Amino acid sequence: MVGRQPGILNDALGAVGNTPLIRLNKIPQQFGIQCNVLVKCEYFNAGGSVKDRIAARMLDEAEQQGLVTPGKTVIIEPTSGNTGVGLALACAVKGYRCIIVLPEKMSAEKVATLKALGAEVIRTPTEAAWDDPRSNIMTARRLAEETENAYILDQYNNPNNPLAHRVTAQEIIDDVTAVSANQGPLTPASSPRHHVTNLNSSSGKVDVLVAGVGTGGTVSGIATRLREDDHNPDLFVLGVDPIGSTLAVPASLNELENGESGAYKIEGIGYDFDPKSLDKQQVSAWIKTRDEESFDYARQLIRMEGLLCGGSSGAALAGAMRFLKEGGEGYDAFGSQQGKNVVIILPDSLRNYITKPWLIEGTKEEQHIA
Ligand code: PMP
């Protein structure tokens, strides 16, 4: 896939996937990082996040297996919001009733989008552990028992979550391999949006993948495909986990320092249990991130690179920058290696955070002319 295919799409779900891979031109350079740092901009998906991919695929597969029927089945899902938006979008297009169960912590903007798409929204206490009867997961299960014709697609256990990201990975492979050093795209792209920049030097493959981890579907699915023999079995994968979450390995990384509460504001990444959709074998090393650095890097992505991403994109970049500059336990800093291609996933859009203080911080007051 180089450039965009001309044609008319069937419906909004046709605008899920085929997102651009864009080179960062300022942020890594300010640290003297020499490798190519490329970001996969998932906010271009129809519903605004990487999770549109899994929502569309989980619903399609369930339909094909005869598990759900439009107009009859009630789709219920516990989510941190973006899977909910993806599902609410798919349900709107296909004609399902949709109930989304999400913790109070998740932004009002996500809730507004869910409601606008016609979904019913149920909020649960943020502090409830996953197996607490009040948690979003347990509440969704209880609702499914109480509701006639209810079905939970269950992103935490559904194999179509990581499988959907084989496609994400293939798009990355196609874009990276379409560009060779000093040449630009091998085939001219038909659309400027997909015009992949030429690279000063390129290994011709993805060398490092960096992704924030929630259900783990993104990191596991993309890494599995990139590591196949026809691409790069030596791929290095950095998993990004916020301080307060317990996903990182070794477990000692997850210990809190004196005075740290373990609560974090970044949405969409981090858990207090290991979801089945996360294949930890695919992650070479983990890095822990703080809210402040994550929000700071999200603001830099927006203001310096013009990439309208959300907070977890900043977390992924924070992890990537630290790792590229300093390396990790037992790992060299890749940042000095010219020609290496580092791909960072930017999962969602600033649309989800428009009223959040972190996004507004440092902006200029608007002026009103009377
Ligand atoms: N960032 C955001 C904003 C998300 O909503 C999610 C999904 N929970 C992720 C990152 C992580 O994606 P995954 O669930 O595939 O690990």
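The model is a predicted one. Asn149 sits in the loop between α4 (136-146) and β6 (150-152), and its phi is positive, near 55°, although the residue is not glycine. Most residues other than glycine have a negative phi, and most peptide bonds are trans.

Asn18 also has a positive phi, of about 60°, without being a glycine. Asn18 belongs to the segment before β1 (21-23). Asn18 has 17 C-beta neighbours inside 10 Å and therefore counts as partly exposed. A further backbone feature is the cis peptide bond between Val249 and Pro250, with omega about 0°. Pro250 is placed in the loop between β10 (236-242) and β11 (285-289).

The interior comes next. In soluble globular proteins, nonpolar side chains tend to be buried together. The largest nonpolar core here has 63 residues, and the members with the most contacts inside it are Leu209, Val210, Ala316, Ala320, Val342 and Ile344. Helix α8 (residues 311-326) gives the most to this core, contributing eight residues. A second, separate core of 34 residues includes Leu13, Leu89, Cys91 and Leu114. Val342, in the largest core, has contacts from several parts of the sequence: beyond its neighbours within four places, Val342 is in contact with Cys35, Asn36, Val37, Leu38, Asp207, Val208, Val210, Ala320, Leu324 and Phe334.

Helix α2 (residues 82-94) has 13 residues and spans 18 Å from its first C-alpha to its last, close to the 18 Å expected at 1.5 Å a residue. Ten of its 13 residues are buried, so α2 is largely enclosed by the rest of the structure. The buried residues are Asn82, Thr83, Gly84, Val85, Gly86, Leu87, Ala88, Leu89, Ala90 and Cys91; Leu89 and Cys91 are also among the members of the second core. The cover over the buried residues of α2 includes α1 (51-64), β3 (74-78), β4 (97-103) and α3 (108-116). After α2 comes Gly95, with a positive phi near 90°.

Around the ligand are 18 residues, of which Gly214, Thr215, Thr218, Gly268 and Ser312 come nearest. The shell consists of three nonpolar, twelve polar and three charged residues. Domain 1 (12-44 + 164-360) and domain 2 (51-152) each supply at least three residues to the shell.

Notes:
Residues are numbered from 1 along each chain as its sequence is written. This is a predicted model: local features need pLDDT of at least 70, side-chain atom pairs count only at pLDDT 80 or more; totals for chains, interfaces and linings use all residues. A nonpolar core is a set of buried Ala, Val, Leu, Ile, Met, Phe, Trp, Tyr and Cys residues joined through C-beta atoms within 7 Å. A residue is buried if 20 or more other C-beta atoms lie within 10 Å of its own, exposed if 12 or fewer, and partly exposed in between; C-beta atoms are placed from the backbone. Helices (H or I, at least four residues) and strands (E, at least two) are DSSP runs, numbered from the N terminus. Two residues are in contact if their C-beta atoms, placed from the backbone, lie within 7 Å. A residue is near a molecule or strand if its C-beta atom, placed from the backbone, lies within 6 Å of it. Ala, Val, Leu, Ile, Met, Phe, Trp, Tyr, Cys and Pro count as nonpolar, Asp, Glu, Lys and Arg as charged, and the others, Gly among them, as polar. Domain bounds come from an automatic or database domain assignment. The expected span of a helix is 1.5 Å times one less than its number of residues.
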